[in-house]
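Please read these notes with the sequence and the structure open. They are written as numbered points and can be taken one at a time.

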Amino acid sequence: MAAPETSTAAVPTLYTNNTLRNAFGGVLSFFILLLIGVLAFSIRLFSVIKYESVIHEFDPYFNYRVTQFLTKKGIYEFWNWFDDRTWYPLGRVIGGTVYPGLTLTAGTIWWLLNSLNIPLSVETVCVFTAPIFSAFASWATYLLTKEVKGAGAGLTAAVLLAMVPSYISRSVAGSYDNEAVAIFALIFTFYLYLKTLNTGSLFYATLNSLAYFYMVCSWGGYTFIINLIPMHVLLCIVTGRYSSRLYIAYAPLVVLGTLLAALVPVVGFNAVMTSEHFASFLVFIIIHVVAFVYYIKGILSPKMFKVAVTLVVTVGLAVCCAVIAVLIALVASSPTKGWSGRSLSLLDPTYASKYIPIIASVSEHQPPTWPSYFMDINVLAFLVPAGIIACFLPLSDASSFIVLYIATSVYFSGVMVRLMLVLAPAACITSGIALSEAFDVLTGSIKFQLPGVTSNAEVDAGETSSDTSEAQTDEVKAEKPDDTSKNRPSKKSKKKERELAENPPAKATAKAKAKAEKKRLLALPLEASVISLLLLVVLGAFYVVHSVWAAAEAYSAPSIVLTTRSHDGLHVFDDFREAYAWLSHNTDVNDKVASWWDYGYQTTAMANRTVIVDNNTWNNTHIATVGTAMSSPERAAWEIFHSLDVKYVLVVFGGLIGYPSDDINKFLWMVRIGGGVFPHIKEPDYLRDGQYRIDSQATPTMLNCLMYKLSYYRFVETDGKAYDRVRRTEIGKKYFKLTHFEEVFTTHHWMVRIYKLKPLKNRIRGKAKKSKSKTSSTSSSKRSGTKKKNPWL
Amino acid sequence: MGRTSSTKEDAGALFHSLRSAYAATPVNLKIIDLYVGFAIFTALIQVVYMAMVGSFPFNSFLSGVLSCVGTAVLAGKSNFLSPLFAKDLPPERAFADFVLCNLVLHLVIMNFLG
């Protein structure tokens, strides 16, 4: 080894020993990864600092309630839990319809901590699960990108993922939702797949299947994995990259993965029967055929092989056509061709709006706007194409997978804004690769231009030539002119060995000298490199600033507590919790509360009351019933609610303070969904000139419907003019009385209003046609003119 | 006429060469081939049985079939691919991996069998 040591052996100069450099690089990488984990955790804590440690939004409340049940009753009760406090009177089989990964994870963490005598409450564990798993996710990104391009790219990608706003938006502290652990599982599964692909070891294939199992437990988006990996295998086969490692990476995953997926109760037999999984089986068959073909090719002479091919092709084609015809007949016989509604809406973005209004109404299922791309992945948006190009130089199995991943995730993120979350890791990986390659080129150029380096080029050549006697590994990658970074402490030394591995030692010195010369000619000018390096650092700074701003301002709102700043300071609107607390203290435990489905989870979790419909939206007819009730006049609505044993009705009203997500703004969906099932609700009845109006120009149907009345009852008493701050107009009907409902509670800022159904009168005055409560006869005659064939009267 | 006869004798030559090439593989690999064939045969029997009797405990059927396919895949990979690619893992490690994967597979199957 012709490597001279310097006096300060601890400081790595250009000529230190390879092992010392590697060790230093390893320690540095470890500390950097630790810091990345801390960064990922702490950037998500803004909501805890600004508000409090509270669970956000709607879905996390359901997960929180399930976790509470799990920690109280244990796992067997959890698997067999039939929840009768929601979707009254239908109930919901929780054990069979919930993705258990998140709740089991949080439950395990809680149990572990409690058994170590660290008494954290379930709520604290739930709130902080997401930041912890985002730290794990950034470490998984490091491992994944290291498989593709090396440790430098890995660190860059990990840092990018720790801060990417799209991922932050779904994993802040308090956002206790499936994606919090699912994204970690996704990245980890992909990492293990690439590791199996690169090493060909069955051990990693087993781990890959287990990670895939964890992903199936966690999120419905697992279908993305089970379709992306077969696509990639097909791509490899078609581009001639078939190898035994590909077979080992794929075949055990399909068998074990399908079995494990069928173990999860939510998926069950869907793992073998729905179209979402057929791609994996098809590619499973294809890879066996290809493996067989390669085997035959290996043992036959070429002439014989040609004969075999002609024979097989003629026979095989006939069989194939028969099988495919049977399959197509089977699949076409089902109306949705075997796909579930959500998956179909991904493939055909207009499907949901035509056939399933509920899926179309969820705001997360809308296509994203262009600005949301820059909001959510910021600088990465234009680093991604550079990363794609870097993946092609050279193209390996792993980098072709990354290219496929980013292409498909970009398409799906364009369909549904919620899937920007799947795009985020892909964008971080490719951007990390791009940034790392750029840094390589620039630092290499700088290094070659530094004075005192030219004489050392020969020493380096001598060093690398002596490394050729070490292990000769697989094929030499295409010589890149930017492969010059010797002062990079981590990975490039190994690449150098591989690159020069096949030169026989005799010609090494001459060849290495020529190499060094060639590299020097390809280096960029010094000033340009330095400035470009500085500009890249500034780019990173912009990204950091934007991410921190997004985390602090845009994505930290718990949406159960609202704040505004006005000239006299900070106003806090805590009306939701006020209303739920009132419900839990002032009503009977078995009382049923009806509201629009958005608030179902929160009501069951915080107020502990039975609800009629909630966010799970699995029963369209039930939701349509509630929607019809909200759109009907008082008496018809009373009938509907009374038949459902409802005692209290809850509406959210934002007109006093200007809260835009209230029930009047959601009213169009109540009409549409209700009208989809009960034809006597017709949307044009509520529209004036194609718009929903609540002012004096509103239609009489609108002014008489329950939602209008419950929202604006006594509203005129607030400011005398009944000015609605959200709709920016005075309301149409200001003075009216409620006949079938009575107001029991309105929160401080009028955001949540709770009404009680008036009981049946004991004595019925006047003509008793049916034994129901009667109001004045004038109102009933007015009502009968506006609708026909109402099944509720 | 000439064509069919030439195809026939081509087919004959093909089978002959296939058989001779296969006979040249070592005995160990032929035993593993037998094992794979047996596993697939068992899977086929299960499918025929299900077709006759009906698929009521579907999970049992699935786990049975997939266990056979799984063992076939795991065992077959070493045979299929030895002429193609020599893994750079030591054979003990490869065997340990194989055992681990089979263990996980059968654990899952026994859970799913119901």
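The points below go from the basis of the model to its interfaces, its annotated spans and some local details.

1. This is a predicted model, in which local features need pLDDT of at least 70 and side-chain atom pairs count only at pLDDT 80 or more, while totals for chains, interfaces and linings use all residues. Residues are numbered from 1 along each chain as its sequence is written, chains are lettered from A and ligands numbered from 1 in the order in which they are written, and side-chain values use heavy atoms, with hydrogens and water left out.

2. Start with the interface of chain B and chain A. Each chain is in contact through 37 residues, where contact means heavy atoms within 4.5 Å. The size of an interface is often given as the accessible area lost when the parts come together. Here chain B and chain A bury about 3400 Å² between them, and 86% of this is on carbon and sulfur atoms. Buried area is the accessible area (1.4 Å probe) that two parts lose on being put together, summed over both.

3. Which helices of chain B each supply at least two residues of the side that touches chain A? They are helix H1 (2-23), helix H3 (58-80) and helix H4 (91-113). Helices (H or I, at least four residues) and strands (E, at least two) are DSSP runs, numbered from the N terminus. By class, this side of chain B has 26 nonpolar, 6 polar and 5 charged residues. In this scheme Ala, Val, Leu, Ile, Met, Phe, Trp, Tyr, Cys and Pro count as nonpolar, Asp, Glu, Lys and Arg as charged, and the others, Gly among them, as polar.

4. Between chain B and chain A there are 0 salt bridges. A salt bridge is a side-chain nitrogen of Lys or Arg within 4 Å of a carboxyl oxygen of Asp or Glu. Over all chains, the whole structure has 22 salt bridges. One of them joins A:Glu147 and A:Lys195, with the closest N and O atoms 3.4 Å apart. This pair links distant parts of the chain, 48 residues apart: A:Glu147 is in helix H7 (residues 122-149) and A:Lys195 is in helix H10 (residues 178-199) of chain A.

5. Chain B is also divided within itself, into domain 1 (9-54) and domain 2 (55-113); such bounds come from an automatic or database domain assignment. Each domain gives 13 residues to the contact. The area buried between domain 1 and domain 2 of chain B is about 1100 Å², with 70% from carbon and sulfur atoms. The side of domain 1 that touches domain 2 has 9 nonpolar, 3 polar and 1 charged residues.

6. UniProt, in an unreviewed entry, lists residues 33-51 and 95-113 of chain B as "transmembrane region". UniProt positions are given in the numbering used here, feature names are shortened, and annotations may be inferred rather than shown by experiment. In the model, residues 33-51 of chain B are 100% helix, with end C-alpha atoms 27 Å apart. Residues 95-113 of chain B are also 100% helix, with end C-alpha atoms 26 Å apart.

7. Some backbone details in chain A deserve a look. The peptide bond from A:Tyr88 to A:Pro89 is cis, with omega near 0 degrees, and A:Pro89 is in the loop between strand S1 (82-83) and strand S2 (92-93). The bond from A:Leu393 to A:Pro394 is cis, with omega near 0 degrees; A:Pro394 is in the loop between helix H21 (380-391) and helix H22 (397-415).
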